[in-house]
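Here is a short briefing to read alongside the sequence and the model. Have both open as you go through the topics below.

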Amino acid sequence: MILALLVLAAAQAVTLQWDTLPALPYRAAPQITPDMSSFVQREAVSRKCPRPQASAITVEVAVLVDQRGGIRTTVPRAIGCPTVEQYAAALIAGFALNNLLPRTGTGEQWYRTAVTFTWPA
């Protein structure tokens, strides 16, 4: 059942217009630690991931928030590095846990956010 929900959410995210999604309303902005960036750097190098910049990777993530402010799913935008994409999506889910501003309206809504991992060149 969970797999079916994730597949459905991923299919919905593909049809979303990423640039028109509202920003995820964090209470406090997430902080990327040096350990997080080091992990991403190691993964990017070991898996030979394409990187537009030599010392940074940004991953955009669509987030489906339910009517109570809970995270239903996170869907990373493909950057050609699946391990980093999934890591970023998992981090976003954790960052958003009990860290979203109250929303107006009811029902589920898609949002967008991004994380950038940087390391010395």
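The S-S torsion of cysteine 49 and cysteine 81 is about 60°, so their disulfide is right-handed. This is a predicted model, in which local features need pLDDT of at least 70 and side-chain atom pairs count only at pLDDT 80 or more, while totals for chains, interfaces and linings use all residues. Residues are numbered from 1 along each chain as its sequence is written, and side-chain values use heavy atoms, with hydrogens and water left out.

**The disulfide**

- The sulfur atoms of cysteine 49 and cysteine 81 are 1.9 Å apart; a disulfide here is a pair of cysteine sulfur atoms within 2.5 Å.
- A search of the whole structure finds one disulfide.
- Cysteine 49 sits in the loop between α2 and β1 and cysteine 81 in the loop between β2 and α3, so the bond ties together parts that are 32 residues apart in sequence. Helices (H or I, at least four residues) and strands (E, at least two) are DSSP runs, numbered from the N terminus.
- Cysteine 49 counts as buried because its relative accessibility is 10%, and cysteine 81 counts as buried at 1%. Buried means under 20% relative accessible area, exposed over 50%, and partly exposed in between, with a 1.4 Å probe and protein chains only.

**The sheet and its helices**

- Three strands make an open sheet in the order β2-β1-β3, with antiparallel pairing; two strands pair if DSSP finds at least two bridges between them.
- β2 (71-76) and β3 are the edge strands, each pairing on one side only.
- On average, neighbouring strands of this sheet are turned by 25° against each other, direction ignored. Axes are lines fitted to C-alpha atoms, for helices over the stretch in contact, and angles run from 0 to 180 degrees between N-to-C directions.
- β1 and β3 run antiparallel and are joined by ten bridges; valine 65 has glutamine 109 in β3 as its bridge partner.
- Helix α2 packs on the sheet, where it touches β1 and β3, and its direction makes about 80° with that of β3. Contact means heavy atoms within 4.5 Å.
- Helix α3 also packs on the sheet, touching β1, β2 and β3, and its direction makes about 150° with that of β2.

**Nonpolar cores**

- The largest nonpolar core has 24 residues, and Leu24, Val59, Ile92 and Phe117 have the most contacts inside it. Such a core is a set of buried Ala, Val, Leu, Ile, Met, Phe, Trp, Tyr and Cys residues joined through side-chain atoms within 4.5 Å.
- Two or more residues of this core come from each of α2 (34-46), β1 (56-65), α3 (82-96) and β3 (109-118). The largest share, seven residues, comes from α3.
- Another core lies apart from it, with seven residues, among them Leu16, Trp18, Leu21 and Val75.
- Valine 59 touches residues including Pro76, Ile79, Ala88, Val115 and Phe117, leaving aside residues up to four places away in sequence.

**Aromatic contacts**

- There are two aromatic pairs in the structure. Rings of Phe, Tyr and Trp (its six-membered ring) pair if their centres lie within 6.5 Å; planes under 30 degrees apart count as stacked, over 60 as edge-to-face and the rest as tilted.
- Phenylalanine 39 and tyrosine 87 form a tilted pair, 4.6 Å centre to centre with 50° between the planes.
- Phenylalanine 39 counts as partly exposed at 25% relative accessibility, and so does tyrosine 87 at 22%.
- Phe39, Tyr87 and Phe117 form one aromatic cluster.
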